Amino acid sequence: MTPTDNIILNKKQIDHKIRRIAYQIYENNVSEKEVIIAGIYENGFLFAQKIKKEIEKISSIKITMCKVIIDKKIPTNPIKTSLKPEEYKNMSLVLVDDVLHSGTTLIYGIKHFLGVPLKQFNTVVLVDRNHKKYPVKVDFKGISLSTSINENIAVVFEKENYFARLE
(Lines give C-alpha, C1' and ligand atoms only; values in the text may rest on other atoms or scores of the structure.)
Protein backbone atom coordinates (compact mmCIF):
# COMPACT_ATOMS: atom_id res chain seq x y z
CA MET A 1 0.00 0.00 0.00
CA THR A 2 1.43 3.40 -0.99
CA PRO A 3 0.79 6.68 0.89
CA THR A 4 -1.51 7.82 -1.93
CA ASP A 5 -3.83 4.83 -1.39
CA ASN A 6 -5.38 6.59 1.59
CA ILE A 7 -5.95 9.99 -0.04
CA ILE A 8 -9.59 10.98 0.37
CA LEU A 9 -9.25 14.49 -1.10
CA ASN A 10 -6.52 15.66 -3.47
CA LYS A 11 -5.53 19.27 -4.20
CA LYS A 12 -7.98 19.64 -7.09
CA GLN A 13 -10.86 18.30 -4.99
CA ILE A 14 -9.95 20.52 -2.03
CA ASP A 15 -9.75 23.55 -4.35
CA HIS A 16 -13.26 22.70 -5.57
CA LYS A 17 -14.53 22.43 -1.97
CA ILE A 18 -12.89 25.76 -1.09
CA ARG A 19 -14.58 27.45 -4.05
CA ARG A 20 -17.99 26.01 -3.11
CA ILE A 21 -17.60 27.00 0.56
CA ALA A 22 -16.51 30.50 -0.49
CA TYR A 23 -19.71 30.90 -2.52
CA GLN A 24 -21.79 29.62 0.39
CA ILE A 25 -20.18 32.13 2.77
CA TYR A 26 -20.65 34.91 0.22
CA GLU A 27 -24.32 34.02 -0.35
CA ASN A 28 -24.88 33.93 3.40
CA ASN A 29 -23.24 37.36 3.82
CA VAL A 30 -24.13 39.08 0.54
CA SER A 31 -25.38 42.23 2.30
CA GLU A 32 -22.34 42.52 4.60
CA LYS A 33 -19.50 44.97 4.01
CA GLU A 34 -17.08 42.95 6.15
CA VAL A 35 -16.85 39.38 7.40
CA ILE A 36 -14.47 38.00 10.00
CA ILE A 37 -13.00 34.59 9.14
CA ALA A 38 -11.59 33.00 12.27
CA GLY A 39 -9.35 30.01 11.59
CA ILE A 40 -8.40 27.59 14.33
CA TYR A 41 -4.60 27.39 14.35
CA GLU A 42 -2.87 25.68 12.63
CA ASN A 43 -4.61 23.84 9.78
CA GLY A 44 -7.96 25.56 10.30
CA PHE A 45 -6.19 28.89 9.86
CA LEU A 46 -4.42 27.72 6.67
CA PHE A 47 -7.77 26.47 5.33
CA ALA A 48 -9.41 29.79 6.29
CA GLN A 49 -6.74 31.75 4.38
CA LYS A 50 -7.53 29.74 1.23
CA ILE A 51 -11.25 30.46 1.69
CA LYS A 52 -10.47 34.17 2.14
CA LYS A 53 -8.57 34.30 -1.17
CA GLU A 54 -11.47 32.63 -2.96
CA ILE A 55 -14.11 34.97 -1.46
CA GLU A 56 -12.01 37.96 -2.53
CA LYS A 57 -12.07 36.66 -6.12
CA ILE A 58 -15.87 36.52 -6.23
CA SER A 59 -16.99 39.47 -4.09
CA SER A 60 -16.11 42.91 -2.78
CA ILE A 61 -16.73 41.95 0.85
CA LYS A 62 -13.81 42.88 3.08
CA ILE A 63 -12.46 39.75 4.74
CA THR A 64 -10.62 40.16 8.04
CA MET A 65 -8.67 37.15 9.27
CA CYS A 66 -8.56 36.11 12.91
CA LYS A 67 -6.18 33.44 14.18
CA VAL A 68 -7.73 31.34 16.96
CA ILE A 69 -5.35 29.43 19.22
CA ILE A 70 -6.96 26.63 21.22
CA ASP A 71 -5.03 24.19 23.40
CA LYS A 72 -6.33 20.97 21.84
CA LYS A 73 -5.09 18.86 24.76
CA ILE A 74 -6.77 21.09 27.36
CA PRO A 75 -9.47 23.07 25.50
CA THR A 76 -10.71 24.65 28.73
CA ASN A 77 -7.51 26.72 28.85
CA PRO A 78 -8.03 30.34 27.77
CA ILE A 79 -8.39 30.76 24.02
CA LYS A 80 -6.23 33.38 22.31
CA THR A 81 -7.30 35.29 19.19
CA SER A 82 -5.43 37.73 16.96
CA LEU A 83 -8.39 40.13 17.13
CA LYS A 84 -9.80 41.77 20.23
CA PRO A 85 -13.49 41.17 20.96
CA GLU A 86 -14.39 44.77 20.10
CA GLU A 87 -12.96 44.17 16.60
CA TYR A 88 -15.57 41.49 15.83
CA LYS A 89 -18.45 42.67 18.04
CA ASN A 90 -21.73 42.84 16.06
CA MET A 91 -19.99 41.45 12.97
CA SER A 92 -20.62 38.39 10.85
CA LEU A 93 -18.09 35.75 11.91
CA VAL A 94 -17.17 32.40 10.35
CA LEU A 95 -15.22 29.89 12.47
CA VAL A 96 -13.10 27.51 10.37
CA ASP A 97 -11.30 24.25 11.15
CA ASP A 98 -9.88 21.54 8.93
CA VAL A 99 -11.43 18.39 10.44
CA LEU A 100 -14.33 17.89 12.83
CA HIS A 101 -13.21 14.88 14.87
CA SER A 102 -15.13 14.81 18.15
CA GLY A 103 -16.31 18.41 18.04
CA THR A 104 -14.30 19.41 21.12
CA THR A 105 -12.15 22.07 19.45
CA LEU A 106 -15.04 23.54 17.50
CA ILE A 107 -17.44 23.66 20.47
CA TYR A 108 -14.87 25.48 22.64
CA GLY A 109 -14.17 27.86 19.76
CA ILE A 110 -17.90 28.53 19.41
CA LYS A 111 -18.21 29.06 23.17
CA HIS A 112 -15.41 31.63 23.07
CA PHE A 113 -17.03 33.71 20.34
CA LEU A 114 -20.50 33.52 21.89
CA GLY A 115 -19.19 35.69 24.72
CA VAL A 116 -19.46 38.65 22.33
CA PRO A 117 -22.64 39.70 20.51
CA LEU A 118 -22.36 38.76 16.83
CA LYS A 119 -24.54 39.70 13.87
CA GLN A 120 -24.21 36.22 12.42
CA PHE A 121 -22.14 33.15 13.27
CA ASN A 122 -21.31 30.19 11.01
CA THR A 123 -18.95 27.22 11.16
CA VAL A 124 -16.91 25.57 8.40
CA VAL A 125 -14.87 22.37 8.21
CA LEU A 126 -13.23 20.63 5.29
CA VAL A 127 -13.95 17.11 6.63
CA ASP A 128 -16.73 16.14 9.05
CA ARG A 129 -15.98 12.71 10.52
CA ASN A 130 -19.41 12.16 12.10
CA HIS A 131 -18.03 11.08 15.51
CA LYS A 132 -19.29 13.98 17.55
CA LYS A 133 -18.89 14.01 21.30
CA TYR A 134 -20.70 17.37 21.48
CA PRO A 135 -23.86 18.56 19.71
CA VAL A 136 -21.99 20.86 17.34
CA LYS A 137 -23.40 21.70 13.93
CA VAL A 138 -21.30 22.61 10.93
CA ASP A 139 -22.92 25.08 8.54
CA PHE A 140 -20.61 24.52 5.57
CA LYS A 141 -18.47 21.43 5.00
CA GLY A 142 -16.38 20.05 2.21
CA ILE A 143 -17.14 16.39 2.80
CA SER A 144 -18.89 14.21 5.36
CA LEU A 145 -17.09 10.95 5.98
CA SER A 146 -18.05 8.11 8.28
CA THR A 147 -14.91 6.55 9.69
CA SER A 148 -14.26 4.12 12.49
CA ILE A 149 -13.43 5.66 15.85
CA ASN A 150 -9.85 4.36 15.50
CA GLU A 151 -9.24 6.04 12.15
CA ASN A 152 -7.94 9.55 11.79
CA ILE A 153 -8.19 12.13 9.02
CA ALA A 154 -5.10 14.26 8.45
CA VAL A 155 -5.18 17.34 6.27
CA VAL A 156 -1.75 18.28 4.98
CA PHE A 157 -1.17 21.80 3.65
CA GLU A 158 2.18 21.98 1.89
CA LYS A 159 3.27 25.04 -0.06
CA GLU A 160 2.36 23.76 -3.53
CA ASN A 161 0.26 20.71 -2.64
CA TYR A 162 -2.35 19.78 -0.11
CA PHE A 163 -4.52 16.77 0.52
CA ALA A 164 -6.59 14.91 3.10
CA ARG A 165 -5.81 11.31 3.93
CA LEU A 166 -7.19 8.55 6.08
CA GLU A 167 -4.70 7.27 8.67
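How many residues does α2 have, and how far does α2 reach from its first C-alpha to its last? α2 has 16 residues and reaches 23 Å, close to the 22 Å expected at 1.5 Å a residue. The expected span of a helix is 1.5 Å times one less than its number of residues.

## Basis of the model

This is a predicted model, in which local features need pLDDT of at least 70 and side-chain atom pairs count only at pLDDT 80 or more, while totals for chains, interfaces and linings use all residues. Residues are numbered from 1 along each chain as its sequence is written, and side-chain values use heavy atoms, with hydrogens and water left out.

Helices (H or I, at least four residues) and strands (E, at least two) are DSSP runs, numbered from the N terminus.

## The six-strand sheet

An open sheet of six strands runs in the order β4-β3-β2-β5-β6-β7, with mixed pairing. Two strands pair if DSSP finds at least two bridges between them. β4 (80-81) and β7 stand at the edges, each with a single partner strand, so one side of each lacks a neighbour in the sheet.

β2 and β3 pair in the parallel sense over seven bridges. In that pair, I37 stands opposite M65 in β3, and E34 stands opposite K62 in β3. Five bridges join β2 to β5, again in parallel. There I37 stands opposite V94 in β5. Six of the seven residues of β2 are buried, so β2 is largely enclosed by the rest of the structure. Buried means under 20% relative accessible area, exposed over 50%, and partly exposed in between (1.4 Å probe, protein chains only).

The chain crosses from β2 through α2 to β3, and this β-α-β crossover is right-handed. Right-handed means that, with the strands pointing away from the viewer, the path from the first strand over the helix to the second runs clockwise.

## Around β6

Seven of the nine residues of β6 are buried, so β6 too is largely enclosed by the rest of the structure. Eight bridges join β5 to β6, which run parallel. L95 has T123 of β6 as its bridge partner. The chain passes from β5 through helix α4 (residues 104-113) to β6, in a right-handed β-α-β crossover.

On its other pairing, β6 meets strand β7 (residues 140-144) in the parallel sense over four bridges. V127 stands opposite I143 in β7.

## The three-strand sheet

A separate listing gives an open sheet of three strands in the order β1-β9-β8, with antiparallel pairing. Its edge strands are β1 (7-9) and β8, and each pairs on one side only. The twist averages 35 degrees from one strand to the next. Axes are lines fitted to C-alpha atoms, for helices over the stretch in contact, and angles run from 0 to 180 degrees between N-to-C directions.

Five bridges join β8 to β9, which run antiparallel. V155 stands opposite A164 in β9. α2 lies across β8 and β9, running at about 55 degrees to β8.

The buried residues of α2 are N43, G44, F45, F47, A48, I51, E54 and I55. They pack against α1 (11-28), β2, β3 (62-69), β5, β6 (120-128) and β8 (153-157). Contact means heavy atoms within 4.5 Å.

The largest nonpolar core has 28 residues, and those with the most contacts inside it are I25, I37, F47, I51, V96 and V124. Elements giving two or more residues to this core are α1, β2, α2, β3, β5, β6, β8 and β9 (162-166). A second, separate core of 21 residues includes L106, F113, V125 and V138. A nonpolar core is a set of buried Ala, Val, Leu, Ile, Met, Phe, Trp, Tyr and Cys residues joined through side-chain atoms within 4.5 Å.

F47 touches I18, I21, V96, D97, V124, V125, L126 and F157, not counting residues up to four places away in sequence.

## Backbone details

A cis peptide bond joins Y41 and E42, with omega about 20 degrees. E42 is found in the loop between β2 (34-40) and α2 (43-58).

N90 has a phi near 60 degrees, a positive value in a residue other than glycine. N90 is found in the loop between α3 (85-88) and β5 (92-100). N90 is partly exposed, with a relative accessible area of 48%.
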